Amino acid sequence: MTAFETDYLIIGAGAVGLAFADTLIDEDPDCDIIIVDKHGQPGGHWNDAYSFVALHQPSAFYGVNSMELGSGRVDDAGYNKGYLELASGPEVTGYFHKVMHQKLIPSGRVRYFPMSEYHWPDGDDAHRFTHILSGEEHSVTVRKRLVDATYFATSVPSTHTPKFAIGDDVRLVTPNDLPHLWKDPSNIPHKFCILGAGKTAMDVGVWLRNSGAPADAISWVCPRASWLLNRACTQPGIEYFNQAMGGQVALAKGLAEAEDVTDLFHRLEADGFMLRIDKELEPQMFHYATISQGEVDILAGIRDVIRMGRVQSIDVGGMTLTEGRRDMPSDTLYIDCTATAVELRETVPMFQPGKIVPQMARIPQPAFSAALCAYLEANRDDDTERNRLSMPVKLPDTMDQYPAACMANMVNQMNWGNEGDIRKWMIASRLDGFSATVAAVPPSDKEKGALLMQLRKYGQAAGPNIGKLIMQAQAAQ
């Protein structure tokens with residue numbers, strides 16, 4: 001057994017772990033870090049994702065603070081036309097490889113152990129990890145803190161086990177397998193059935209249609225409809241100011257004036273901040289999935305949407321769901337998109353004795369939140385103060401939980417605005433996305449100034465009404 005010592009032991013080399021490490025070595029020039037991860041290369045779950053996966057939101061504010069992701073290109077074709085580029089899965093994994101091997105390791109203060117399993121302490125303070133391929137075990141003395149960058153365990157179809165029974169001769173694949181169907185021309189399916197209601201299922205639907213699958217050849221088991229964020233409102237940069245800040249004004253105005261949560265979402269839809277695929281349905285789910293109107297239009301063309309609950313079992317003749325039976329052609333290709341992308345765990349204090357648990361301080365931005373967490377670790381001396389400035393925001397599952405997430409976002413934003421050094425850091429942070437854009441508005445620009453005035457006006461009025469919406473949601477439980 002080899003014994004190591006370090007200031008910070010980070011578990012996980014995905015976006016959260018790397019964003020934290022990147023900011024920490026910039027803010028604390030004397031710190032030493034060890035990163036332990038199960039995967040063979042940096043990038044966390046991106047290593048396991050399907051090849052056609054892409055970011056929901058612009059590359060411009062994803063990754064780590066010190067290194068740009070992408071070129072700032074505006075897409076001129078496809079469903080993302082007119083918006084800033086969305087890095088693909090391979091681009092993201094390549095980017096994180098550069099972060100590790102061109103920034104972190106060359107700093108001389110980061111040691112990285114891939115293909116290694118961390119053993120969570122059981123009754124003592126010892127830290128140990130094992131090389132997966134050799135079984136060799138190492139101990140680590142942590143001088144300052146353990147950083148758990150895996151708290152919200154991310155699950156993707158290729159690494160999860162389906163929760164339904166699968167009969168003999170049923171063709172069930174994950175999205176990872178779809179681009180390889182060409183390898184067996186004699187076995188190309190004529191019927192596809194997407195299983196799952198989340199963003200992965202939406203990605204598969206768009207990919208199938210763009211790859212030539214007829215709309216009437218696709219069935220979609222979608223137990224719950226979802227509200228979706230309009231990507232048009234997530235574009236950073238002064239050229240998108242009116243769209244982005246207009247979206248924030250719409251959100252603040254809706255939060256200030258909505259009679260209930262359903263009314264809130266309908267107001268946001270009317271203002272172009274929220275989208276839904278089927279306007280005849282009232283969605284019950286909201287996970288911050290972000291999408292363009294072009295993708296919505298493609299998905300709306302899939303007419304055989306099966307809303308009979310979750311799949312219980314599949315056999316060659318069809319599916320048994322919680323609300324009945326649905327017959328299907330015997331040669332149907334079922335595509336499993338039922339993995340829970342992010343586990344819906346309860347939030348905990350980010351800063352604890354001997355431990356940091358990065359979570360969302362601004363939802364839905366995990367990389368920014370992790371970088372902020374590292375900034376606070378390096379620039380504040382008291383955990384009570386650190387936790388005050390990084391209140392975790394719980395990921396909503398249903399619409400009723402959205403106002404509480406908005407309230408937590410607003411409280412954190414207000415607290416950061418009262419701290420001069422944090423304001424300055426956010427303006428300089430590429431992961432923030434919008435602070436630099438707002439700071440760049442000249443006093444002479446009356447149109448943009450008026451929009452910011454509206455944002456402040458409705459933001460101040462939103463607090464009491466959000467409280468009412470939260471109380472309504474709690475009473476309905």
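Here are a few notes on the salt bridges in this predicted model.

1. Side chains of opposite charge can pair when their charged atoms come close. In this structure, the count comes to 33 salt bridges. The points below pick out some of them.

2. Have a look at K103 and D22, whose side chains meet in a salt bridge with an N to O distance of 2.7 Å. K103 sits in helix α2 (residues 89-104) and D22 in helix α1 (residues 15-27), so this pair ties together parts that are 81 residues apart in sequence. Both K103 and D22 are buried.

3. Next come E68 and R430, which also meet through their side chains in a salt bridge, at 3.6 Å from N to O. This pair links distant parts of the chain, 362 residues apart: E68 is in the loop between β2 (33-36) and α2, while R430 is in the loop between α10 (420-428) and α11 (435-439). Are the two partners buried or exposed? E68 is exposed because its relative accessible area is 52%, whereas R430 counts as buried because its relative accessibility is 11%.

4. Now find E419 and R380, a salt bridge in which the closest N and O atoms are 3.0 Å apart. E419 lies in the loop between α9 (402-417) and α10, and R380 in the loop between α7 (366-379) and α8 (383-388), so the pair ties together parts that are 39 residues apart in sequence. Both E419 and R380 are buried.

5. Which residues are linked with E419 and R380 in a network of salt bridges? The network also takes in E385, R388 and D421.

Notes:
Residues are numbered from 1 along each chain as its sequence is written. This is a predicted model: local features need pLDDT of at least 70, side-chain atom pairs count only at pLDDT 80 or more; totals for chains, interfaces and linings use all residues. Side-chain values use heavy atoms; hydrogens and water are left out. A salt bridge is a side-chain nitrogen of Lys or Arg within 4 Å of a carboxyl oxygen of Asp or Glu. Helices (H or I, at least four residues) and strands (E, at least two) are DSSP runs, numbered from the N terminus. Buried means under 20% relative accessible area, exposed over 50%, partly exposed in between (1.4 Å probe, protein chains only).
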